[in-house]
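I opened my notebook to look up a few things in one structure, going from single residues to the whole chain and writing down what I found at each step.

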Amino acid sequence: MSSEESEFGIIGMAVMGQNLALNVEESGYQVSVYNRTGSKTKEFKQQRASDRDIVATYELEDFVSSLERPRKILILVKAGDPVDMVIDQLLPLMEEGDIIIDGGNSHFQDTNRRVEKVEEEGLYYLGTGVSGGEYGALHGPSIMPGGHPEAYEEVSDILRSAAAQTPEGPTCEYLGPRSAGHYVKMVHNGIEYAVMQSIAEAYWAMENLLELNHEEMADRFEEWNRPLEAYLMEITVEILRREDEKMGRPLLQMILDTAKQKGTGKWTSRSALDLGVPTPTITAAVDARLLSSRKDQRGRLSELYETGNSGVYDGFGEDLEDALYLSIVTAYAQGLDLLTVASHEYDYSLDLQDVARIWKDGCIIRSDLLDPISESYSDSELDTLLASKKFRDDYRDGLNSLQKVVSAISKTNLICPALSASLNYFNSLTSERLPANMIQAQRDYFGAHTYQRVDEEGTFHTEWQDIKNV
Ligand code: NBP
């Protein structure tokens, strides 16, 4: 063990913990590491960290006492109960002013509870979203910290040096009190779900309607991604080009069409519903994964119905690019709208310009699109991206393509739930009149819920039926 005390500690030596330990050490800090299963720590120290200033510890007491005060401990264990178990083990060993950072995908309400518990003991708790997967953790993730600002000041230099570095600064910024960081990370993941689903639908239409091969599809996505520089588009290109070594054909063809989920998309939709914020593209993406998982049922039902793929028309391919672009923009618009409302509801005081800036690099939804998004939010009055100058023009230019693509795909048995949800979201939000007058009337009819009128203030009720004669 090193004779000096470490400046930073990490608990959890799975993918994220190992890579972040190497990253923080690379930034010039001595790091102590600990994992419940000691053999993983040993293997890490002997292999990846052999020549690094990383102190491997095998007892939690040794780990804690290897750290300088105030201790700064990043937990990167499986989200849920393991985080509580680690906190319970740590608290008796730590001292006032020490800082626990939860870097996992914890639910924001769990983070609120943990902040309260840890702060009651005189310590600090920073709920901190970390995105960028394995690669980001090693080379510079997007880091979304929330919690007590004084505690953040203590760890700011370390986190900012580990984050991705952009011309506008590191992709790590203090976001707000309590669970602000984990809330932003949750919504990041919700947007991720919606962008992934939109891309999957474009791929599906290209393969089945345009009948392009995998290389041709990769070329198109690559071309479409030039102005976007979006990580999810980049990996789509690589995925389409990857061959299955065993079968000598595109690997994608050999991958089962059932998508799993860990729950962060569902959390986003659920929170949006709780706060009364429409996020239909994100919810459509969650539903699409659920539907995909019904593989057996899909197989059985597909035999009962005719299929037809007659939706293609001249110019469909060009329109598909615009449709995908608008669906991606709409995914960000919905996520940012949710953040606006959540910030107000939970007193996070989020700065959406900062949020967009720290998503610019190091995370799964990184894209050059975040530049105009961040610029749009320099207008503090902006309530939706749909109203910003830049995106208003984009919607005007591309809307017809999105309409034609959704309409064409809808004439087949192919699916486009995210593209279609984006279109309906746009149409709803830009329609001065909606058929909700009928909903009001129906509610009043069966439940005497009353309604408002267009010509008079107040609430009204109509006796729609003669109860005595029903
Ligand atoms: P995992 O989520 O796979 O968790 C494995 C780690 O949790 C191991 O170190 C394991 O220790 C530890 N652990 C468990 Br399981 N139960 C424990 C307990 N009761 N007490 C102490 N330790 C326990 O690791 P990961 O994929 O590195 O992710 C870490 C966090 O970061 C998660 O919240 C994840 O959602 C989030 N995240 C992951 C990614 C990614 O790309 N993987 C990206 C962004 C965020 P053991 O070795 O003793 O079993």
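In which segment does Ala 448 lie? I looked it up in this predicted model, and Ala 448 lies in the segment after helix 19, which covers residues 436-447. I noted its backbone next: phi of Ala 448 is near 50 degrees, a positive value in a residue other than glycine. Its relative accessible area is 44%, so I wrote Ala 448 down as partly exposed, since that term covers values between 20% and 50%.

**Entry: a loop residue, Glu 211**

I then turned to Glu 211, which I found in the loop between helix 8 (180-208) and helix 9 (214-225). Glu 211 is not a glycine, and yet its phi is positive, at about 55 degrees. With a relative accessible area of 65%, Glu 211 is exposed, because the cut-off for that word is over 50%.

**Entry: a cis peptide bond**

Where is the place of Pro 70? I found Pro 70 in the loop between helix 3 (60-65) and strand 4 (72-75). The peptide bond leading from Arg 69 to Pro 70 is cis, and I noted an omega near -10 degrees for this bond.

**Entry: helix 1**

I checked the length of helix 1, which has twelve residues (15-26). At 1.5 Å a residue the helix should span 16 Å, and its end C-alpha atoms are 17 Å apart, so the two values agree. Is helix 1 mostly covered or uncovered? I found it mostly covered, as nine of its twelve residues are buried; among them are Gly 17, Leu 20, Leu 22 and Val 24, and also Gln 18, Asn 23 and Glu 25. Just after helix 1, Gly 28 takes a positive phi of about 105 degrees.

Ser 269 lies in helix 11, residues 264-275. Its relative accessibility is 6%, so Ser 269 counts as buried, the limit being under 20%. Which residues is Ser 269 in contact with, leaving aside its neighbours within four places in sequence? I listed Thr 279, Ile 282, Thr 283 and Val 286.

Leu 370 lies in helix 16, residues 370-376, and with a relative accessible area of 1% it is buried. Again leaving aside neighbours within four places in sequence, I found Leu 370 in contact with Tyr 332, Ala 356, Trp 359, Lys 360 and Ile 365.

**Entry: the whole chain**

Last, I stepped back to the protein as a whole, where I counted 19 helices and eleven strands. The radius of gyration is 25 Å, close to the 23 Å that the globule rule gives for 470 residues, so the protein is as compact as a globular protein of that length. The C-alpha trace spans about 80 × 65 × 45 Å along its principal axes.

How much of the protein do buried residues make up? They make up 50% of the 470 residues. I also looked at contacts between residues at least 6 apart in sequence, and 68% of these join residues at least 24 apart. The accessible surface comes to about 23400 Å², of which 48% belongs to carbon and sulfur atoms. For the charges, I wrote down 44 positive and 79 negative side chains, with the centres of the two sets 5 Å apart.

Technical notes
Residues numbered from 1 in each chain as written. Predicted model: local features only at pLDDT ≥ 70, side-chain atom pairs only at ≥ 80, totals over all residues. Heavy atoms only, no water. Helix = DSSP H or I, 4+ residues; strand = E, 2+ residues; numbered from the N terminus. Rg over C-alpha atoms; globule rule 2.2 N^0.38 Å. Buried < 20%, exposed > 50% of the residue type's maximum accessible area, 1.4 Å probe, protein only. Contact = heavy atoms within 4.5 Å. Areas by Shrake-Rupley, 256 points an atom, 1.4 Å probe, with all protein chains shown as cover. Lys, Arg positive; Asp, Glu negative; His and termini not counted. Charge placed at Lys NZ, Arg CZ, Asp CG, Glu CD. Expected span 1.5 Å × (residues − 1).
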